[in-house]
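User: I am new to this structure and would be grateful for a close look at a single part of it.

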Amino acid sequence: MNFTKDTLIGDVLDRCPEAAPLFLEIGMHCLGCPSARGETIEQACYVHGNDADALVAKLNALG
C-alpha cells in the first residue's frame, strides 16, 4: 500500500481497515460519516489540526 495526502479516507479504510486506530488516536472520530469518507487525508488533517505527512508515514508503515 502506498498512501499519499491525496488519498481519500474512505479508500484508506477500504484497503486497510486496521488503519482506523491511527485516525482515532489523533482525534478523527467521525470515520463512518459520509463526508469524512470523501475527504482526502490532507483535508481531514487540516480540519482537525493534524500533520498530514506524519499520518501518511504511519499509514504507509502499516503495510
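Which residues of helix H5 (residues 52-62) are buried?

Analyst: This is a predicted model, in which local features need pLDDT of at least 70 and side-chain atom pairs count only at pLDDT 80 or more, while totals for chains, interfaces and linings use all residues. Residues are numbered from 1 along each chain as its sequence is written, and side-chain values use heavy atoms, with hydrogens and water left out.

The buried residues of H5 are Ala52, Leu55, Val56 and Leu59; buried means under 20% relative accessible area with a 1.4 Å probe, protein chains only. Helices here are DSSP runs (H or I, at least four residues), numbered from the N terminus. Viewed down the axis of H5, the buried residues fall within an arc of 100°, so they line one face of the helix; the arc is that of the directions from the helix axis to the C-beta atoms. An α-helix has 3.6 residues a turn, so residues three or four places apart point the same way.

The cover over these buried residues includes helix H1 (9-15), helix H2 (20-25) and helix H4 (41-48). The axes of H4 and H5, which are lines fitted to C-alpha atoms over the stretch in contact, come within 9 Å and cross at roughly 130°. That makes H4 oblique to H5, since angles under 35 degrees count as roughly parallel, over 145 as roughly antiparallel, 65 to 115 as roughly perpendicular and the rest as oblique. Ile41, Glu42 and Cys45 of H4 meet Ala52, Leu55, Val56 and Leu59 of H5 in this contact, where contact means heavy atoms within 4.5 Å.

At the start of H5, a side-chain oxygen of Asp51 comes to within 2.9 Å of the backbone nitrogen of Asp53.

How values were computed
Buried means under 20% relative accessible area, exposed over 50%, partly exposed in between (1.4 Å probe, protein chains only). Helices (H or I, at least four residues) and strands (E, at least two) are DSSP runs, numbered from the N terminus. A polar contact is a pair of N or O atoms within 3.5 Å; within protein, one must be able to donate a hydrogen and the other to accept it, and residues adjacent in sequence count only if both atoms are side-chain atoms. Axes are lines fitted to C-alpha atoms, for helices over the stretch in contact, and angles run from 0 to 180 degrees between N-to-C directions.
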